[in-house]
Amino acid sequence: MRRAALDKVHELAQRDRRVLFIGSDLGAGTLAPMRAEFPDRWFMEGIAEANMIGMAAGLAMDGFVPYLNTIAPFFTRRANEQITIDLCLHKLPVRLIASGGGVVYAPLGPTHLAVDDIATMRVLPNMAVVAVADAAEMRRLMDQSLEWPGPLYIRLAKGGDPIVSDPARGFTIGKAIIMRDPGTVLLVTTGVMLGRALAAADLLKGQGISCGILHMHTVKPLDSAALRDYAAGVNLVVTIEEHSLIGGLGGAVAETLMDAEIRPPCLLRLALPDAFADEYGSQDTMLEAFGLVPPQIAAAIRRRLG
Amino acid sequence: MINHDKAPDQAEPIDLDERSLYLRRLVIRGLEGGGRGHIGSSLSPIEILRVLYDDILRYRVDEPAWLPRDRLILSKGHGCLAQYALLADKGFFPLATLDSFCQQHSILGGHPEAGQIPGIEVSTGALGHGLPVAVGMALAARIDKRDNKVWVVMGDGETNEGSVWEAALCAGKHRLSRLVAIVDYNKLQSYGPTAEVQDMEPFADKWRAFNFAVTEVDGHDVAALRRLFAAVPLDPGKPTAIICHTVKGKGIPFAEGKAEWHHKAKLPPADIDALYACLGGR
C-alpha cells in the first residue's frame, strides 16, 4: 500500500508540476526514480517533523501540492500544532501519507503505534481523514487526492494486504462504499478492517445472520447520508476499526446516528481498548489480543444479538 | 559580511524621529481600541518593520497576492500591533480599522490571521511556526525561479522553540540565500530577562553554527537597518540571520525594559494619555 501511494506521488508529479515529495529520513532509496527525474521536487529532510510540516505549508501557500511521508504518530503526535495551525487553519492542500496506521508496528511498541491518529486528525477543522482497504484502492484515492482542496491525512496499512476492494464500486473521497447490502446487521469499517469484516460476515452468514458492509474509507468528512440510509432498518450497527475506542470511526458513527436521531436497537463498537499496548508480536497477534480477528468479530456480534 | 564584535545596544540610545513616533502612536491607537495588547512586544520591532515596508520589501498594496512580492512573516504574532500600524499606514486597510483591534467582528485579532487581513501572509501566534513556513516559501521561490526574498521576524523568546532550530538546520542545508531571519532581540520574554528565563547566548554563534551568515545591528537605528537590509544576502550561499538589538517598550520611558509591559489590558484613559504624551501627544 505504501509502495502504491509513493509510486503514485511520482506519477502525479509527472502529471502536474505542482506536486512534490517530502520525506523525513525515510528508508534508503525511497522514491529514487522520482528523485532522479525531479530533483527539485523531491526532498529528504531530517528527523524534524515540525519543520517538515511548516515547510510544506510554505510551499503550499506558494502553489505547490506537497505529499509528505513519515511514520503516523510522528505526524499526528509530534507535529500536531503544525498540522493544526500551518495546514488546517490555512486550509492548505498538503497530503500526509502516514505509515503504520493502527498496530502495524506492533513489534516496535507503543511509541510507534498509531491508535489515536484518526481521533486527533478528525477533530481538526478542514482536515480530511482517509483509510483505504488495500493497494488497489490506494491508487484510486491517490488519483483523487491531487485536487482535494484542503489537508488530507492518508492512513497506510502494513502492505501486502489482500485486495478486497472492488473497482466496479468506484471511489470518491467522502463517499462511503456499500460492499454488501444490509441485512439484520450493518458493519461499518475503515481501512484494512474491511477485509476482516468481510470474513466475519461470511462466518455469520453460515450461521444465518445477514450482514451488510459499509466501507467508510473516509472517516472525515463522514458520509452521514449513506450511514443514515443503510443504518435505517437494521437491528444492529457494528463499527470495526484498528483504532482506540475513543474518537475514531465508532465515535464518528455514534455521533452521526445520534445527531440524525436514528437509534438502532444496538450500536456495537469494536476497537482497540483505551490503553497502551502491553505486548509486542505482530499486527495479527495484537488484533487477536484485542478481539479484532474475524472469528472474534463474529462471536461479539452473535453475543450482542443474543 | 558585516560583523560587529560588540552588541550595538551598548551604544548611545537612538532618538526616535517623527515617523517612528507616529507609528508608535498607531500602536497605542490599536491598544486603546482593543483595550489590550502586547505593547512592549509591539514597540520593539517598529523600526525593523518600518524599514522593511518603507525601503526594502517589494509589494503592491492593491494586489497583496502579487506573485513576485517579497514575503514577510511576523512570526512573533503577538507583536502584531506593530505590523498593523505599518499595514494601515501603507493603506492595506483604513487607519480607523486600528480602533477595532480585538473587537468581535474586527479583521484585526490579537494575533494576525492570513486571509482576513490584507498584507498578512501567514497566521501566527503560536511561536516557532514562521521560520519553517518561510523555508517552504524560499524553496518555492527557488523551484519557480522567482527572485523574491522571504523575511521572518521572530522574538528572542520565540527562539526557545525547537521548531525554530529544526527550520534553521533545514535552511542552512538548502543554502536558502533568499531567506532572512530577523530576531527582535529585546532581551525580555514574558516572565523576565531572557538571560534568566532561557539564555540564548552565545546567540550569533548559534545561528552561525546552523550555517547562517550572521550580523548584529541596533534595531532602532533606521539608517543602519536600511543599509544592512539592502545588503542581504550577506553571503550568496547562505541564509541570513540579523540579530536586532532592541528595547522592549521602546519609546515609552516608563515601560522600556520592563517585563510587566509585555502585555497590558484595561489601561485607564489616564495611562493611555501618558503613553501618548511620551510619543508627542495624540
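This is a predicted model: local features need pLDDT of at least 70, side-chain atom pairs count only at pLDDT 80 or more; totals for chains, interfaces and linings use all residues.
View 1. Local features need pLDDT of at least 70 and side-chain atom pairs pLDDT 80 or more, while totals for chains, interfaces and linings use all residues. Residues are numbered from 1 along each chain as its sequence is written, chains are lettered from A, and side-chain values use heavy atoms, with hydrogens and water left out.

View 2. A:C266, at 23%, counts as partly exposed. The closest cysteine sulfur to that of A:C266 belongs to A:C211, 13 Å away and too far for a bond. Over all chains the disulfide count is zero (a disulfide being a pair of cysteine sulfur atoms within 2.5 Å).

**View 3. Fold and contacts.** Chain A carries 12 helices and 12 strands (DSSP runs, H or I of at least four residues for helices, E of at least two for strands). Take the contacts with a separation of 6 or more: 76% of them join residues 24 or more positions apart (contact means heavy atoms within 4.5 Å).

**View 4. Charges on chain A.** There are 29 positive and 33 negative side chains, and the centres of the two sets lie 3 Å apart. Lys and Arg count as positive, Asp and Glu as negative, with His and the chain ends left out; each charge is placed at NZ of Lys, CZ of Arg, CG of Asp or CD of Glu.

Terms used
Buried means under 20% relative accessible area, exposed over 50%, partly exposed in between (1.4 Å probe, protein chains only).
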